[in-house]
Amino acid sequence: MQFHHHGYVSGDPRVKPAAGVGLDRPEELPDEVDVLIVGAGPAGMIAAAQLSQFPDVMTRIVDRRPGRLEIGQADGIQARSVETFQAFGFAQEIIAEAFWQTEMVFWKPDPADPSNIVRVKRTPDDPAGVSEFPHLLVNQARVLDYFGDVMAKSPTRAKPDYGYDFERLEVADAADGAEYPVTVHLVRTAGEQAGEPRVVRAKYVLGADGARSKVRSAIGCHMAGDQANHAWGVMDVLAVTDFPDIRLKASIQSEAGSILLIPREGGYLFRMYVDLGEVPLDDHHHVRQTTIEQVIARANEILHPYTLDVKDVAWHSVYEVGHRLTDRFDDVETDAAGTRTPRVFIAGDACHTHSAKAGQGMNVSMQDGWNLGWKLGHVLEGRAPEALLATYSAERQVVAQSLIDFDKQWSSMMAKKPEEFSSPDELEEFYAATFEFPAGFMTQYAPSLIVGAGEHQALAEGYPIGKRFKSAMVTRVCDGNPVHLGHHATADGRWRIYVFADAARAGEASAVADLADWLATAPDSPLAATPEGADRDAWFDVKVVYQQAYTDVDLGAVPRVFLPASGPFQLTDYEKVYAADPADDVFEQRGIDRAGAVVVVRPDQYVANVLPLAATDELAAFFRPILSARQAQPARA
């Protein structure tokens, strides 16, 4: 964490100075806003947290609840999400309070007595080591609290506006030229003014209002998919049991049905997804009337010979597995894509629904919200053209389809009876073989306005274009500290340009020296688009990693573009110069060519391009359409 560059900070350095709309933030919901977010769930809150980092963007988030969520339905936090939390500054705090999932156990009928169950296998949770972060289990409400804290400490001092329900909206014709083209009709749900209507006009609207989304209906999107006609009871409980693996994630299959056991944070609470069996087509959701007592009794049948004595039920529900998806995530009809700017977006459960057992709902929803949040910020601040917004639906709809395809396989396998598997180890093998998907690391965005085509991928094979930037250990030259390269990239809306140096030393004539000179002085350098008067790294965070040991890198010879001036005192930022860790060389770990490479990373941590050090024309060409909304200015020295 870096601070003091604007003067001495005597309090919490995570509280950023109020700026822009945060200097005089109205307590009441304004009549006009830049972005109105409907729904303070995971997708809405991460989008709001990202937009809160843009001081001049007026963002408000409304929710029909009277206050914060107290008990969340989701609890699985995949490693990709923890990487995201690191960018927002609260990974370590949530890791400390969460349950760490390190392995999964599998129980099946005992061959000697099939009426009993026995443990048959233990599987490591991350056998391939795809992330430095663990898989966590923690209440969704706490995740929302942390994003709310990010918002409150941001320059905009943002916070949710509770007690507003969405009713309808209208979008003005583009030809009208309205500054706030979306008119949103709300109704108060709490307090003395409950029932009163409220109208807000916005430039953009995000509907993150759940599976029964009214925003989705308002823009004519429809869910398509199927019902699996299989029901599950889910309960968060405190109980006394003789089942030995109660504090491990467990797949339990018996002659009486299946259970997916999920330990929860705090050491005592756990969740059980209890198989309630097939649902007749003419059931008309009658199964949803299953009582908690019936769910507990069913769990005891499945666990035999072990018993479960439930002492307290924190939350429970009954649901039928369904897989449904919208064909678009914004208000532009499919046949009109590219002809106009989207004004209304949907995210999270408003776009995609599936079973809870793969632990994907909250995780994928947060990536929806982050994907859109930085793009709206860039467009509204004038960093990028409106064309950027079309990439949201194009990218996230494909991800959601892949999620549903995976979840159909996983949920159907969880519902199988032991005798229906083709081999005794089929479930365990599927879990191990597909681990990277539920962990959040299989997403790979296709070439687009903000994803390169990959002609030079061979220069950095460990950074696949379109996939998330996988951090690696390096040594910070200024102080000799070993650090994770990716952990310095916060959710501040900036593009990252990682320069992996050739074999030359700092100060010697080299491709890195030439690139640094071009970045700092060329009119077609992306840094030249930085607004006049702003710090040189306000829009682009440029870092260099040398191949030599940190003791062999002369900071005095490092090009100034890697040592930018920061803040009103123009202090030197020394934390952008790194050296390869000799014990864990990033060049070896990530397959980076010894001739060097440039790795461009988006504000949401996805690799956008890989280029040779000398490919300045290609680097300029990549950023040119992304920055076309602003006239380039000379870079500040």
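Across the interface of domain 1 and domain 2, three residue pairs are in polar contact, both residues at pLDDT 80 or more (N or O atoms within 3.5 Å; within protein, one must be able to donate a hydrogen and the other to accept it, and residues adjacent in sequence count only if both atoms are side-chain atoms). The model is predicted: local features need pLDDT of at least 70, side-chain atom pairs count only at pLDDT 80 or more, and totals for chains, interfaces and linings use all residues. Residues are numbered from 1 along each chain as its sequence is written, and side-chain values use heavy atoms, with hydrogens and water left out.

Between domain 1 and domain 2 there are zero salt bridges (a side-chain nitrogen of Lys or Arg within 4 Å of a carboxyl oxygen of Asp or Glu). The structure as a whole, however, holds 46 salt bridges.

Let us turn to some individual pairs. Asp31 and Arg198 form a salt bridge, with their closest N and O atoms 3.0 Å apart. Arg198 counts as buried because its relative accessibility is 15% (buried means under 20% relative accessible area, exposed over 50%, partly exposed in between, with a 1.4 Å probe and protein chains only). Another bridge joins Glu97 to Arg142, where the closest N and O atoms are 2.9 Å apart. Here Glu97 is partly exposed at 27%, and Arg142 is partly exposed at 28%.

Asp541 pairs with Lys543 at 2.3 Å between the closest N and O atoms. Asp541 is buried at 0%, and Lys543 is buried at 1%. Both belong to a network of salt bridges whose members include Asp492, Arg494 and Asp573.
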